[in-house]
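Hi,

Here is the structure I promised to pass on to you. Have a look at it first, and then read my notes below.

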Amino acid sequence: MQKKTRTERLVWIDLMLTLLSLELMSYFYYGTRSLALAGVCVSAALISEILSLRVMKKRFTADDMTCTSDALIIALMLPAVMDYKIGAAAVVFAVVCAKNIFGGRRNMIFSPAAAAYVFVLTSWGRKMLLYPAPHDKTGIFENAEDLISSASYLYNTTGKVEHSDFELLLGNFSGPAGAVSILLLMLAAVILIFRRDISAGAFLGTITGTAVLAMISPVSDSRSETIKYVFAFNMILFAAIYVVADKRIAPKKQYFAFFYGLFIGIFSYILLITTAQENVIVIVSVLFTPIALAFKNLEKKIADANISSENDLVTDDNSGPDMPIILAEDGELPVIEGEAEVSELIKELSETVEEGIDNE
Amino acid sequence: MNKERSSVFAGITWDNMVLSSLMVISPVIVCGDTLRNAEALVYAFSSITMLSVCIASFVPKKLPYALKVIIYALISSLVFIPVKVAAQEFYPGIVLRVGIYFPLLAVNSLIVFQTEAKFFKLKKIPMFFTVLFYVIGFDIVMLLTGIIREFLAYGTINGKVTDVDMLISGLSQPFGGFIFLGLMCGLYRKIRSMFSKEVSEVRSEADVSGK
């Protein structure tokens, strides 16, 4: 239990470190306004988390700091010059409506960040999809001018890309504050996968689904270009790391998680080429939460079935009607053959039960 | 006596049909985005339900349950016709906008299910007042939802523009209505449990979380 809590906190720290590096990049391109937006979002998340936990008669603990990583994800998905009030409203929605109403961090159905993104998209769609150009810095209290459509929008509607590969890697094109730094995102993905902070299965599933569809139905002149641009735009990489591969949402078993990610990748690409909707992967990930829940239920059923069959095995082994119990000379029970295996089995069982209780 | 009186008023106090039993929520979620829509639905729901339940109370009780339910639905469908004609007069355009949810009010669960389960077990006069307060309970929720959602989503109240700085247009959509109603239900239950110790005790006994 203690180990699990510690692991949860380490995951949060790792996520925060990668998100802060993206925030730093955003500061480099858009100035202090981007930092101020992130600060507002994190503060709003903390306040709403503390208040909603108090209403639920629960204590705020260090584990509840995960709301800040969700807030930072939301801030990085918004334009750097987004209205502070909208950013705060999105975060409050994520913490209260998408997380705590369903029972808090242990009973999450949606990714709070993805749900908040969809909420903002439906409520303030026009503001949400207009971005400042890189290096166009706005003051903390200034209103942004000369906002432009994102490079993703241009690519989705015309198939044209006006940026070099180097610019794409560094995120030197218009788009959400932190979801465009492709090189940094690739590094973050590798680090988080190796440190087991995100679901590798879900991440690889999303990438595979998108890549396979891009190969089958290319949008650009060549297949390789399509794959390159598909991952650079529409927040595919960002969403695959921080939304789809979120360990709290994705199925635990890697192969289930892979198929969960695969379905999201495939459907988001189909929607992308049919509707040209920007950042559609975030919407699809919210719509696919029933799939994640179904996989989780399946996992639980399989685990229950395994436990009951193991129990049956143990009972069968020990319930022989005429099994003689022969004591050793010193009165102790004799060491029977296979005892080590039985104790190992009991240990495994108790761990599984403990994990189940933790999940509850 | 007090208990009897409180059960008559139950429809607007501790047994609100929308917030407590989650009945007839689809028109509230989908169509309750403006006060004008809410008014039209309140008018239709109140007149159809009151008239249908009162007329249906004269149906012989000895008839089989399945037959009685069909007769109740037929009565409410007949009541629906003049109500719709009048609605087109009073609320032109709204009936079209509300769409399928308008005729669906004719077969709402208050008429089809609650009549047999609750109302027809009472005598005529208490039954009339009980139904009346249930209907008022629905009307209050519908109007409140319409006012708040219109104010937050469009920045207007009954079409009059207000000075709102930030509009949340997502609230005008069904998913926004769903979330809003969910929050209202939570608030209602919280207030109800604060006023009624019995209810909270029953709730805590019924807690199966095991924590």
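**What I found, starting with one cysteine**

A:Cys41 touches A:Ala71, A:Leu72, A:Ile74, A:Ala75, A:Gly87, A:Ala88 and A:Val91, leaving out residues up to four places away in sequence. Please keep in mind that this is a predicted model.

A:Cys41 also belongs to the largest nonpolar core, which has 148 residues. A:Cys41, A:Ile74, A:Val91, A:Ala116 and A:Ile241 are the residues with the most contacts inside that core. Which helix gives the most to this core? Helix H3 of chain B (residues 35-56) does, with 10 residues. As background, nonpolar side chains tend to be buried together in soluble globular proteins.

Next, have a look at two helices of chain A. The axes of H10 (residues 200-216) and H11 (residues 223-232) of chain A come within 9 Å and cross at roughly 145°, and the crossing is right-handed. On the H10(A) side, the contact is made by A:Thr210, A:Ala211, A:Ala214 and A:Met215; H11(A) brings A:Arg223, A:Thr226, A:Ile227 and A:Val230. Sorted by type, the residues of this contact are five nonpolar, two polar and one charged.

H11 of chain A turns up again at helix H7 (residues 151-158) of chain A, where it is among the elements that cover the buried residues, along with strand E2 (148-149) and helix H13 (254-275). Those buried residues of H7(A) are A:Ala151, A:Ser152, A:Tyr153, A:Tyr155 and A:Asn156. After H7(A) comes A:Gly159, with a positive phi near 80°.

Enjoy exploring!

Note on methods. Residues numbered from 1 in each chain as written. Chains lettered and ligands numbered in written order. Predicted model: local features only at pLDDT ≥ 70, side-chain atom pairs only at ≥ 80, totals over all residues. Axes fitted to C-alpha atoms, helices over the stretch in contact; angles between N-to-C directions. Helix = DSSP H or I, 4+ residues; strand = E, 2+ residues; numbered from the N terminus. Left-handed = near helix turned anticlockwise from the far one by under 90°. Contact = placed C-beta atoms within 7 Å. Nonpolar A, V, L, I, M, F, W, Y, C, P; charged D, E, K, R; others polar. Buried ≥ 20, exposed ≤ 12 C-beta atoms within 10 Å, placed from the backbone. Core = buried A, V, L, I, M, F, W, Y, C linked by C-beta atoms within 7 Å.
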